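Q: I am new to this structure and would like to learn how to read it. Could we go through it step by step?

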Amino acid sequence: MEKGTPVVTEMKVIPVAGRDSMLMTLSGAHAPFFTRNLVILKDSAGHTGIGEIHGGDYTCAALESCIPLVEGKPIGTYRSILDSIHKASTRAPEDDGEGIQTLDISKLKFVVKAEWAIECALLDLLGQYMDLPMCQLLGNGKQRDKVETLGYLFYVSDKSKAEALPYLDESDSSDPWFRLRRQEMLTPERIVEQAQVLHEKYGFRNFKLKGGVLPGAEELESIQALKKAFPNGRINIDPNGAWGLEEAIRICKPMEGILTYVEDPCGPEAGYSSREIMAEFKNAVNLPVATNMIATDWRQFYHAAAQKSVDIVLADPHFWGFDGSVRMAQLLNDWGLTWGSHSNNHFDITLTAFAHVAAAAPGTPTALDTHWIWQDGQNLLKDTPQIKDGYLEVPDKPGMGVTIDMEKVAEANALYQKLPSHDRDDAMAMQYLIPNWKYDSKKPCLVR
Ligand code: GKR
Ligand code: MG
């Protein structure tokens with residue numbers, strides 16, 4: 001019987017919402033609001049542990065069903081607590097196992113592991129008990145004090161075309177980035193302007209452009225313009241598998257030496273899986289290939305590795321768990337491959353969690369993805385880690401090392417309660433731009 005460590009006295013699940021821009025991706029246009037779920041644990045030592053995960057009723061219900069497996073348990077048994085959650089979890093009847101290899105957003109909730117938020121909150125408590133920052137409890141412990149982060153560039157549509165939707169207007173903000181981020185940006189010039197303003201504010205030298213919006217060749221014009229503006233910058237593109245294999249090879253070959261890596265250039269086609277098609281792409285084009293779509297669990301990773309489909313696995317802890325993501329980082333480093341993390345819209349609790357996971361990843365991870373720049377200012381923490389000079393700070397206080405602001409959480413929960421729907425739906429806003437628009441995994445969203 002375990003003795004000694006404090007016991008979890010309360011687990012709360014709080015759904016929250018925040019504001020977003022009309023960001024464009026293969027799956028359509030981001031709606032004015034995004035949702036997340038928070039986990040807040042209290043223990044018998046008087047500490048509070050926090051975690052954040054994707055939003056939506058499915059994930060919220062999954063978390064709530066875990067409460068009896070968490071409350072009353074000693075925090076030192078966190079591995080057994082997580083094991084009991086895994087063993088109790090069942091596969092939803094609608095989960096066909098396809099995962100997100102075609103970026104069907106309705107499948108994302110099956111790839112996300114709700115219990116990651118619980119793992120995070122437990123590690124936060126354990127770190128406070130042990131008087132150690134969370135990254136010291138992971139893998140081989142802390143590898144770095146700050147984490148290189150990239151500027152996640154998006155094409156943005158004109159929100160006035162969807163005037164019935166309450167997108168935030170920040171045109172009177174004193175912050176140049178906040179003013180810019182809610183405006184239309186659909187040309188190479190405006191993408192370069194986006195990168196420049198981000199460079200000024202956060203110091204980014206690495207950028208990733210979210211593709212799958214315009215015809216592939218046009219998106220690569222933005223990449224060339226970015227490389228011209230940042231000759232020493234590392235520039236990537238992620239069309240979420242929108243390009244056919246032949247097209248991807250044709251448009252990416254001239255990008256050798258310009259792109260640092262290409263992320264999920266192609267998806268399944270002609271009876272071949274995305275892992276097979278990406279392997280063929282890699283054989284044809286001399287560019288490192290990254291993914292967050294074709295290796296989202298260990299079984300998928302086995303096939304991706306066997307096929308040599310990817311060089312960089314963006315092992316998002318929301319999919320892999322803290323332990324799984326760092327285990328992946330260790331393995332990739334031993335194999336001479338590269339670790340990074342994918343992201344979706346998130347608050348600063350996830351930002352802090354990313355900082356700790358990436359601080360524990362051995363070797364030379366690729367610059368971390370984060371959507372935080374699109375949400376910055378909507379803080380749920382009193383002491384949000386800062387991104388400065390292109391690096392995200394890793395808090396050095398015990399546990400997560402940050403303090404939740406319950407007033408802000410209550411406001412974000414009130415916003416959530418007002419929303420008619422809690423699930424991500426990128427087709428809804430898209431239909432204001434193109435009537436009757438329907439998602440097609442092989443067509444950039446503005447190509448219809
Ligand atoms: O925020 O719309 C988005 C992204 O496209 C997101 O859904 C992707 O999952 O950023 C992600 C990616 O790298 O594929
Ligand atoms: Mg991606």
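A: Let us start with cavities: on a 1 Å grid over the protein atoms alone, a cavity is a set of points where a 1.4 Å probe fits but cannot get out. A molecule sits in a cavity if more than half of its atoms lie within 2 Å of its grid points. Here, ligand 1 sits in the largest cavity. This is a predicted model, where local features need pLDDT of at least 70 and side-chain atom pairs count only at pLDDT 80 or more. Residues are numbered from 1 along each chain, and ligands are numbered from 1 in the order in which they are written.

Q: Which polar contacts does an oxygen atom of ligand 1 make with His 30 and His 371?
A: A polar contact is a pair of N or O atoms within 3.5 Å. For His 30, a side-chain N or O atom is 2.6 Å from a ligand 1 oxygen; for His 371, a polar side-chain atom lies 2.7 Å from one. The protein covers 99% of the 340 Å² of accessible area that ligand 1 has on its own (Shrake-Rupley method, 1.4 Å probe).

Q: Which residues coordinate the magnesium ion (ligand 2)?
A: Donors are N, O and S atoms within 2.8 Å of the metal (3.2 Å for Na, K and Ca). Asp 238, Glu 263 and Asn 292 coordinate this ion at 1.9 to 2.1 Å, with the sequence spacing D-x24-E-x28-N.

Q: Is Glu 263 buried or exposed?
A: Buried means under 20% relative accessible area, exposed over 50%. Glu 263 is buried at 0%, and Asn 292 is buried at 2%.

Methods:
Heavy atoms only, no water. Buried < 20%, exposed > 50% of the residue type's maximum accessible area, 1.4 Å probe, protein only. Polar contact = N/O pair within 3.5 Å; in protein donor to acceptor, adjacent residues only side chain to side chain. 1 Å grid on protein atoms, 1.4 Å probe; cavity = no way out; pocket = protein on both sides within 12 Å on 5 of 7 lines; lining within 4 Å.
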